[in-house]
Every structure is written in C-alpha cells, then in structure tokens.
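Let's take a friendly look inside a protein model. Please keep the sequence and the 3D view open as you read.

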Amino acid sequence: ISNIALHFITKQEESNDVFLRLGPENIDIDDKINSFVDALHSIYNTKPSKAYGHFSAMPSEGDAARFVDVMESYLTDTQNFYAFSVQAANMLKNELDKYDLGEMGYLVVCHYEYMGGRYLLVAVIPVSEHYSVDGELNISADKHLDTNRLQLAARIDLFDYKDNPDSNRYISFIKGRAGRLVSDFFLDFLGCDEGLNPKEQTQMLVQAVEDYVSVNQLDAQE
C-alpha cells in the first residue's frame with residue numbers, strides 16, 4: 001500500500017443536503033490496514049457483475065477539474081495523495097448533489113500494488129448496523145463497514161493506463177443494480193466511459209461459434 005485515505009459522505013433525509021466529513025491526513029499502514037485492503041481487493045475481485053471502461057476524452061465543464069486531472073496531479077507529484085483524495089471526495093459530493101440517491105458511506109481511495117500490478121481503487125463502502133450482547137444480556141447496537149454490500153467501486157490499472165492510453169478497459173467497475181442510476185452516477189464522478197462489456201463480448205463469441213457450426217454444417221458431436 002502506497003497511500004490510503006478515508007472520508008465519510010452522508011445525506012440528510014429532511015433537506016437532502018449532502019455532507020462530507022474528511023478523514024485523517026495520515027493513515028499509518030499497519031497490519032490492520034493491510035488486512036482491510038487485502039479483504040477489499042478480494043471482495044472486489046469476486047464481484048460477478050463488472051464492466052470495463054476508460055476515461056472520457058471530453059473536456060471538463062468550465063473550470064471544473066476532472067477526476068483524471070486530479071489523479072494525474074498526484075501521480076506526477078504535483079500534489080500529495082491526501083490533497084488528491086480530498087478533491088476527489090468533493091467531486092463525489094458535488095455529483096451526489098445532482099441525483100436523488102440515498103447513497104452514503106465511507107469513500108476509500110487506495111493506491112496499492114498486488115501481484116505485480118499497480119492499482120488505484122476508489123470505493124464507497126456502505127454502513128450497516130449490527131447488534132451484540134454482553135455478559136449481562138444487554139443488547140447494544142453499533143455500526144460497521146459492510147464490505148459485502150459493496151456496489152460503488154472502480155479500480156484503475158495504473159500500468160495499463162500509462163502503457164496503453166488508447167485502451168478501452170484499464171478501468172474496471174461494478175455494474176449498477178437493476179433499475180438504479182447508481183453506476184451512472186459513479187461513472188460520471190470518475191469521468192469514465194464504458195468500453196468493454198464482458199457479457200456482450202461473451203454473447204458475440206457464442207453467436208460466432210453458432211454461425212461457424214451452421215455454415216460448416218457440423219453435426220452435434222463435432
């Protein structure tokens with residue numbers, strides 16, 4: 001882990017105002033943080049409904065910076081990681097202001113390496129309530145990060161981003177839930193265009209095989 005930042009985003013039910021609470025400037029990379037990122041990496045990998053994309057070539061609107069611009073400022077050492085994460089958190093807050101979504105949780109931005117790959121993971125982890133019972137049989141409630149409900153997450157392959165800027169798949173992201181604008185809002189925040197849909201690619205492959213079988217009049221065994 002090179003750097004990690006954590007910020008909290010919530011929305012007031014009465015006013016629908018979005019609030020951002022910034023996390024600590026320096027997070028020590030200890031065993032707990034390593035275990036947390038390792039678990040987050042594994043959970044992200046096992047999510048079945050992922051698609052792939054790339055940063056949009058569209059220019060920013062007015063003076064507003066794009067996510068890729070502030071990311072580049074960090075990667076080129078123009079600003080430090082915390083400043084980059086704060087800018088990203090404010091961009092996410094501004095994007096949430098445009099949508100009538102109840103999404104809230106902890107924004108995690110993490111720059112790390114794993115098995116020879118170098119990644120930037122951006123995820124909003126929802127919060128859930130859990131209950132516990134003490135020795136006197138008193139029930140208490142507390143909140144925890146619910147990583148298993150992870151839906152808003154994207155990972156940028158930094159090696160592929162640098163080496164293949166014309167690629168359409170150096171960003172992977174979790175596809176949104178049916179009937180929701182969640183993935184659209186998160187992709188807008190990242191400035192990401194979908195470039196490769198694995199499900200569509202698989203359907204094209206199946207159709208190509210079926211066409212080949214039909215044209216060559218192969219029997220079922222062949």
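**A cavity and a buried serine**

Helix 5 gives the largest share of the lining of the largest cavity, three residues. This is a predicted model, in which local features need pLDDT of at least 70, side-chain atom pairs count only at pLDDT 80 or more, and totals for chains, interfaces and linings use all residues. Residues are numbered from 1 along each chain as its sequence is written, and side-chain values use heavy atoms, with hydrogens and water left out.

**The cavity**

- The count comes to one cavity of 30 Å³ or more, where a cavity is a set of points on a 1 Å grid over the protein atoms alone at which a 1.4 Å probe fits but cannot get out.
- About 30 Å³ of space lies in the largest cavity.
- Its lining residues (those with an atom within 4 Å of a point) are Gln151, Leu152, Ala153, Phe173, Ile174, Ser183, Phe186 and Leu187.
- Two or more lining residues come from each of strand 8 (152–157), strand 9 (171–174) and helix 5 (182–190); helices (H or I, at least four residues) and strands (E, at least two) are DSSP runs, numbered from the N terminus.
- By type, the lining has six nonpolar residues, two polar and no charged.

**Ser85**

- You can find Ser85 in helix 3 (residues 81–97).
- Ser85 is buried, with a relative accessible area of 0% (buried means under 20%, with a 1.4 Å probe and protein chains only).
- Beyond its neighbours within four places in sequence, Ser85 is in contact (heavy atoms within 4.5 Å) with Ala5, His7 and Val109.

Key: Buried means under 20% relative accessible area, exposed over 50%, partly exposed in between (1.4 Å probe, protein chains only). On a 1 Å grid over the protein atoms alone, a cavity is a set of points where a 1.4 Å probe fits but cannot get out, and a pocket is an open set with protein on both sides within 12 Å along at least five of seven lines; lining residues have an atom within 4 Å of a point. Grid points are joined across faces, edges and corners, and a volume is the space filled by probe spheres set on the points. Ala, Val, Leu, Ile, Met, Phe, Trp, Tyr, Cys and Pro count as nonpolar, Asp, Glu, Lys and Arg as charged, and the others, Gly among them, as polar.
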